[in-house]
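Look over the sequence and the model below.

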Amino acid sequence: MKRIVLLVAIGVLISASSRGQIDKDLKQSYVSAWSKLIPTQLKIQYAGDMGFLSLGPGWDLGKKRRWEINTFVGFIRETNVSPTHITFTLKQTYKPFRVSLGEKFELEPLTAGFYINKVFGQYFWQRLPDRYPKGYYFWALNTRFNVFLGEAITFRFSKYLSGDTLSLFYEFNTNDLYIISAINNDYLNIMDIINLSFGVKFTFL
């Protein structure tokens, strides 16, 4: 009888120990999963068909950090005929390779990607207003699909912000509406449908 009680006690202890390790591993996996939601960078972009100025967090993806996802909130400035409008942009960037320029600088000679931009406000509609005949416009005025090519140069901090970097970039972009408008339109050339934008990226993780 004593032997049976002893075996049961040992079994309970082993089970409790295993469960504790499982709980610890499970907790660690949850922490690891949630930590991926923490942004690794912050970007500010001027122009680019996403507003006058846009700001938002981003995430580096992949083992070599060649992919980025960014979200932006921006604004379109007020004009004589239109109030200020808020914009939201979801952007995907791919950086196929980097070139080291010494200890502190790094060049990304090619960046490419796409982004979806939405403008909020009464002048940018999703569905065709009643004042227009059916089929007059077949596109939503408040949503644009953009593609871009660009370049970036990065400075690596070495002292007070060791491990962090600051990048300057520029991009050429166009969108679905520009491309459709240029097809079979002899009055539009390539420069009429391409825009130039600039930006700054601070990477802190």
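Is Glu68 buried or exposed? Glu68 counts as buried, because its relative accessibility is 1%, and the cut-off for buried is under 20%. Bear in mind throughout that this is a predicted model.

## Charged pairs

Glu68 has a salt-bridge partner. Its side chain meets that of Lys43, with 2.9 Å from N to O. Glu68 sits in strand β3 (residues 67–76) and Lys43 in strand β1 (residues 41–46), so the pair ties together parts that are 25 residues apart in sequence. Lys43 is buried too, because its relative accessibility is 3%.

Lys91 and Glu171 form another salt bridge, and their closest N and O atoms are 2.9 Å apart. This pair links distant parts of the chain: Lys91 belongs to strand β4 (residues 85–94), Glu171 to strand β8, and 80 residues separate them. Lys91 counts as buried at 1% relative accessibility. Glu171 counts as buried at 2%.

Asp176 and Arg144 make a salt bridge as well, at 2.8 Å from N to O. Here a helix is joined to a strand. Asp176 lies in helix α2 (residues 176–182) and Arg144 in strand β7 (residues 143–156), 32 residues apart. Asp176 is partly exposed, with a relative accessibility of 23%. Arg144 is buried, at 11%.

| Pair | N to O distance | Relative accessibility |
|---|---|---|
| Glu68 and Lys43 | 2.9 Å | Glu68 1%, Lys43 3% |
| Lys91 and Glu171 | 2.9 Å | Lys91 1%, Glu171 2% |
| Asp176 and Arg144 | 2.8 Å | Asp176 23%, Arg144 11% |

How many salt bridges are there in the count? The count comes to eleven. A network of salt bridges links Lys43, Asp60, Arg65, Glu68, Lys95, Arg98, Glu106, Glu108, Arg156 and Lys201.

## The cavity

Rolling a probe the size of a water molecule over the atoms shows where empty space is left. The structure holds one cavity of 30 Å³ or more. The largest cavity contains about 70 Å³ of space.

Which residues line the largest cavity? They are Lys43, Glu68, Thr93, Lys95, Glu108, Thr111, Ala152, Ser167, Phe169, Glu171 and Lys201. By class, six of the lining residues are charged, three are polar and two are nonpolar.

Lys43 and Glu68, which meet in a salt bridge, are both in that lining. Glu171, the salt-bridge partner of Lys91, is in the lining too. Lining residues that also belong to the salt-bridge network include Lys95, Glu108 and Lys201.

Two strands each supply at least two residues of the lining: β6 (105–120) and β8 (165–175). Strand β8 gives the largest share, three residues.

Two residues other than glycine have positive phi values. Asp49 has phi near 60°. Its place is in the loop between β1 and β2 (53–61). Asp49 counts as partly exposed, at 24% relative accessibility.

Arg65 has a positive phi of about 55°, although it is not a glycine. This residue is found in the loop between β2 and β3. Arg65 is partly exposed, with 32% relative accessibility. Arg65 is also a member of the salt-bridge network.

Thr143 lies in strand β7. Is Thr143 buried or exposed? Thr143 is buried, because its relative accessible area is 15% and the cut-off is under 20%. A polar contact of 2.9 Å joins its side chain to that of Asn142. Leaving out residues up to four places away in sequence, Thr143 touches Ile116, Asn117, Lys118 and Gln126.

Val99 is in strand β5 (residues 99–100). Val99 is partly exposed, with a relative accessible area of 34%. Its contacts, not counting residues up to four places away in sequence, are Glu106, Leu107 and Pro109. Val99 and Pro109 are ten residues apart in sequence, and their C-alpha atoms are 7.6 Å apart in space.

Notes:
Residues are numbered from 1 along each chain as its sequence is written. Side-chain values use heavy atoms; hydrogens and water are left out. On a 1 Å grid over the protein atoms alone, a cavity is a set of points where a 1.4 Å probe fits but cannot get out, and a pocket is an open set with protein on both sides within 12 Å along at least five of seven lines; lining residues have an atom within 4 Å of a point. Grid points are joined across faces, edges and corners, and a volume is the space filled by probe spheres set on the points. Helices (H or I, at least four residues) and strands (E, at least two) are DSSP runs, numbered from the N terminus. Ala, Val, Leu, Ile, Met, Phe, Trp, Tyr, Cys and Pro count as nonpolar, Asp, Glu, Lys and Arg as charged, and the others, Gly among them, as polar. A salt bridge is a side-chain nitrogen of Lys or Arg within 4 Å of a carboxyl oxygen of Asp or Glu. Buried means under 20% relative accessible area, exposed over 50%, partly exposed in between (1.4 Å probe, protein chains only). A polar contact is a pair of N or O atoms within 3.5 Å; within protein, one must be able to donate a hydrogen and the other to accept it, and residues adjacent in sequence count only if both atoms are side-chain atoms. Contact means heavy atoms within 4.5 Å.
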